Amino acid sequence: MNAGSGGRSVGTPPSVRVSAETEWSEEPMSPTGRVMEDMGAHILSVLGLGIPVNLPVFRAGIETELLPRYPRFCSIQVMDESWGGKQRWVRTKVDLDDHIIIPRIDPAAVECDPDKAVEDYVASLSMLPMDRRRPLWEFHLLDFPTSEATSTMVLRLHHSIGDGMSLMTLYVASSRSTADPARLPTMPPPPRRTGEIYQLQPRPPLSSGKALLAWVLSYLLLAWNTLVDCVFLAATILFLSDPRTMFMRSDGGLQAHHRKRFIHRNLSLDDVKLIKTAVKCTINDVLVGVTSAALSRYYFRMSGDIDTKRICLRSFLLVNTRPVSCRQINVTKVEKGNQLSSLICPFHIALHDDPLEHVRKAKRFMDRKKSSLEVAIINVAGEFLVKYFGAKAGASALRLFMKRTTIIFSNVVGPAEKITLCGHPVVSMGSSVYGQPQALTVHYQNYGNTINVTLAVDDKQFPDCHELLDDLVESIRLIKNAAGLRSISSVHSN
């Protein structure tokens with residue numbers, strides 16, 4: 001697949017031109033950014049557009065909207081010996097011809113199945129290196145219609161540049177509302193979260209009796225849960241690994257890079273909210289439960305295992321560490337860099353008579369994790385390793401966590417309404433990552449009234465990966481129907 005006019009060849013890395021006035025950025029690369037650099041992690045964001053690509057308009061939008069708002073799109077990574085060999089960001093001139101790629105794709109493949117042509121092209125990007133002499137981002141423009149869009153835009157960027165929330169706030173700040181082009185689009189309102197991990201409860205008066213006792217017990221529970229989680233984290237680093245199933249890499253994650261295939265489906269946000277209301281949980285709880293149900297359906301069908309005993313596995317769940325109070329409905333500040341931690345979340349491969357049981361179990365697990373400082377401990381430990389032992393030590397610890405757990409799970413908050421980015425209305429939006437040692441990554445992202453689920457799977461290990469997507473759709477249908485019946489029963493009982 002070679003580039004046509006207006007873009008560069010996909011496989012040819014051009015040189016980057018650094019200006020004579022180049023200045024060092026004020027801060028070195030963050031510890032998380034250095035770990036992402038060492039792991040070779042990348043983000044892929046696939047946007048379906050409502051009109052054919054207008055290249056001059058798109059280029060102008062990048063120059064006037066995206067580049068001024070995100071300095072790392074105009075920076076390269078340089079080793080700074082004066083800072084002990086740590087990497088820093090250095091400004092450089094950006095030639096958009098190096099970053100806008102219009103590939104030539106076999107017309108026969110496009111005519112036969114345009115959706116698969118896009119899917120195959122995006123999969124090929126997971127095996128192509130990026131030219132480190134220039135800023136590590138690229139826009140790939142596929143100007144032909146698919147089943148859900150008139151054209152497709154793929155943004156590939158190195159994860160050291162930023163995380164999912166950085167990308168979403170950049171999109172929203174640089175775009176206009178499709179429904180009302182006179183204003184900026186909005187993000188969903190921040191959730192009302194509970195649990196000691198989010199907010200420490202003030203001490204009640206000494207005379208309050210039961211309230212004071214409950215307050216003391218909540219802190220004892222917090223200390224106990226944190227201790228148990230730390231023991232399991234240490235055991236995972238040293239020896240504890242999930243049982244081998246079809247969801248884990250057959251080589252144990254030893255091979256650095258596998259070709260990834262990225263497949264997606266759009267789910268109804270209203271369906272997810274209906275389940276959320278019925279079970280009295282969070283949207284994240286629903287998505288974890290739906291994922292567990294789908295993986296269970298896929299496992300028992302593909303394995304032919306008639307023994308429905310429960311198999312306990314674990315997911316590596318990414319967590320945005322920015323304070324909830326900093327969440328913006330109207331984005332005035334683009335979040336920069338990587339502010340991520342993680343937690344180890346158990347889930348079960350099991351068949352339940354009541355489909356809602358998958359969501360109830362997810363809620364119990366997540367409520368338990370909210371009464372723990374696991375996220376903070378992992379964040380502090382990671383920064384300590386990078387600061388005193390280097391990025392390779394931090395990346396090695398992260399790889400061990402990932403190799404010994406089954407899947408990566410991520411849920412990123414996207415725009416609350418449809419946006420028009422760089423003069424092009426965006427009809428669909430989904431993101432994922434590659435460079436991780438897991439064979440399966442499940443990534444959710446809301447956009448307008450839909451939730452996009454994108455699976456990043458090892459191409460060879462999941463040749464029937466679309467069946468797993470079908471299981472996700474069927475699982476949410478069954479859980480939604482069960483939630484609807486429960487709501488009807490509650491109304492009649494009252």
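Asp-97 is partly exposed because its relative accessibility is 36%, where partly exposed covers the range between buried (under 20% relative accessible area) and exposed (over 50%), with a 1.4 Å probe and protein chains only. This is a predicted model, in which local features need pLDDT of at least 70 and side-chain atom pairs count only at pLDDT 80 or more, while totals for chains, interfaces and linings use all residues. Residues are numbered from 1 along each chain as its sequence is written, and side-chain values use heavy atoms, with hydrogens and water left out. Helices (H or I, at least four residues) and strands (E, at least two) are DSSP runs numbered from the N terminus.

**Salt bridges**

- The structure holds 33 salt bridges, each being a side-chain nitrogen of Lys or Arg within 4 Å of a carboxyl oxygen of Asp or Glu.
- Asp-97 pairs with Arg-59, and their closest N and O atoms are 2.8 Å apart.
- Arg-59 is partly exposed, at 23% relative accessibility.
- Arg-156 and Glu-138 form a salt bridge at 3.0 Å, N to O, and both residues are buried.
- Asp-459 and Arg-259 form a salt bridge at 2.7 Å, N to O.
- That pair links distant parts of the chain, 200 residues apart: Asp-459 is in the loop between strand 18 (450–458) and helix 12 (465–493), and Arg-259 is in the loop between helix 6 and strand 11 (260–268).
- Asp-459 counts as buried at 18% relative accessibility, whereas Arg-259 is partly exposed at 30%.
- Asp-459 and Arg-259 belong to a network of salt bridges that also links Lys-116, Glu-119, Asp-120 and Arg-261.

**Aromatic pairs**

- Rings of Phe, Tyr and Trp (its six-membered ring) pair if their centres lie within 6.5 Å; planes under 30 degrees apart count as stacked, over 60 as edge-to-face and the rest as tilted.
- The count by this rule is 14 aromatic pairs.
- Phe-58 and Phe-139 are edge-to-face, because their ring centres are 5.2 Å apart and their planes stand at 90°.
- Phe-58 is in helix 2 (residues 55–69) and Phe-139 in strand 8 (residues 137–142), so the pair links distant parts of the chain, 81 residues apart.
- Both Phe-58 and Phe-139 are buried.
- Tyr-70 and Phe-73 also form an edge-to-face pair, with 5.4 Å centre to centre and 75° between the planes.
- Tyr-70 and Phe-73 are both buried.
- One aromatic cluster is formed by Phe-58, Tyr-70, Phe-73, Trp-137 and Phe-139.

**Nonpolar cores**

- A nonpolar core is a set of buried Ala, Val, Leu, Ile, Met, Phe, Trp, Tyr and Cys residues joined through side-chain atoms within 4.5 Å.
- The largest has 51 residues, and those with the most contacts inside it are Phe-247, Ile-275, Ile-349, Leu-440, Tyr-444 and Leu-455.
- Helix 8 (residues 283–303) gives the largest share of this core, 10 residues.
- Apart from it lies another core of 43 residues, including Phe-73, Leu-96, Ile-100 and Ala-173.

- Seven of the nine residues of helix 1 (residues 31–39) are buried, so the helix is largely enclosed by the rest of the structure.
- Ser-410 lies in strand 14 (residues 407–412) and counts as buried at 8% relative accessibility.
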